[in-house]
Amino acid sequence: MSDLGNAILAIDDKTKKKVSVKEWNADVFIRVLSAAERDEWEAENAQPGPYGGRNLVNVRARFLVRALVDADGKRLFDDNQAAALGSKSSSVIERLWLVASKVNGVTDAELEEILQN
């Protein structure tokens with residue numbers, strides 16, 4: 001591998017954004033997912049869902065468990081905790097989802113396609 005390739009791979013390009021969640025009395029951070037993590041989430045959405053069509057069950061929470069981190073960048077939740085996170089306030093999850101989708105470059109067209117049934 002070239003020196004440039006090594007230099008690129010050594011860069012931490014996954015920034016994070018602080019979000020205050022008054023309902024949780026906490027500040028959380030939303031990080032940029034890796035390309036592999038984003039692909040994994042998109043592949044989950046493409047699977048058949050329980051009501052036919054795409055798997056949109058907890059689509060926001062399944063994204064957020066990957067994106068929510070503490071100040072040190074450590075994930076707050078494991079993938080298997082998406083259902084539990086999805087049981088939290090819809091207004092809180094929606095606010096976090098909007099920030100996470102923006103931070104991760106999920107476009108309006110992609111959101112519409114994902115949420116279309």
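Start by selecting N104: this residue is buried, with a relative accessible area of 10% (buried means under 20% relative accessible area, exposed over 50%, and partly exposed in between, with a 1.4 Å probe and protein chains only). Before going on, note that this is a predicted model, where local features need pLDDT of at least 70, side-chain atom pairs count only at pLDDT 80 or more, and totals for chains, interfaces and linings use all residues. Residues are numbered from 1 along each chain as its sequence is written, and side-chain values use heavy atoms, with hydrogens and water left out.

Stay on N104, found in the loop between α5 and α6 (108–115). Helices (H or I, at least four residues) and strands (E, at least two) are DSSP runs, numbered from the N terminus. Show A100 as well: the N104 side chain reaches the A100 backbone oxygen at 3.0 Å. Leaving out residues up to four places away in sequence, N104 touches R31, V32, L33, R38 and F63, where a contact means heavy atoms within 4.5 Å.

Next, click on F63. Which residues does F63 touch, not counting residues up to four places away in sequence? They are L33, R38, W41, W97, A100, S101, N104 and V106.

Now bring up the largest nonpolar core, which has 21 residues. Such a core is a set of buried Ala, Val, Leu, Ile, Met, Phe, Trp, Tyr and Cys residues joined through side-chain atoms within 4.5 Å. Colour I30, F63, L64, L68, L85 and L96, the members that touch the most other members. The elements giving two or more residues to this core are β1 (16–21), β2 (26–31), α3 (59–67), α4 and α5 (90–103). The largest share, six residues, comes from α3. In soluble globular proteins, nonpolar side chains tend to be buried together.

Hop over to Q81, in the loop between β3 (68–69) and α4 (82–86). Is Q81 buried or partly exposed? Q81 counts as partly exposed because its relative accessibility is 32%. With residues up to four places away in sequence left out, Q81 touches V65 and L76.

Finally, zoom out. The protein chain has six helices and three strands, in the order α-β-β-α-α-β-α-α-α along the sequence. Its C-alpha trace spans about 50 × 35 × 25 Å along the principal axes. Buried residues make up 32% of the 117 residues.

Notes
A polar contact is a pair of N or O atoms within 3.5 Å; within protein, one must be able to donate a hydrogen and the other to accept it, and residues adjacent in sequence count only if both atoms are side-chain atoms.
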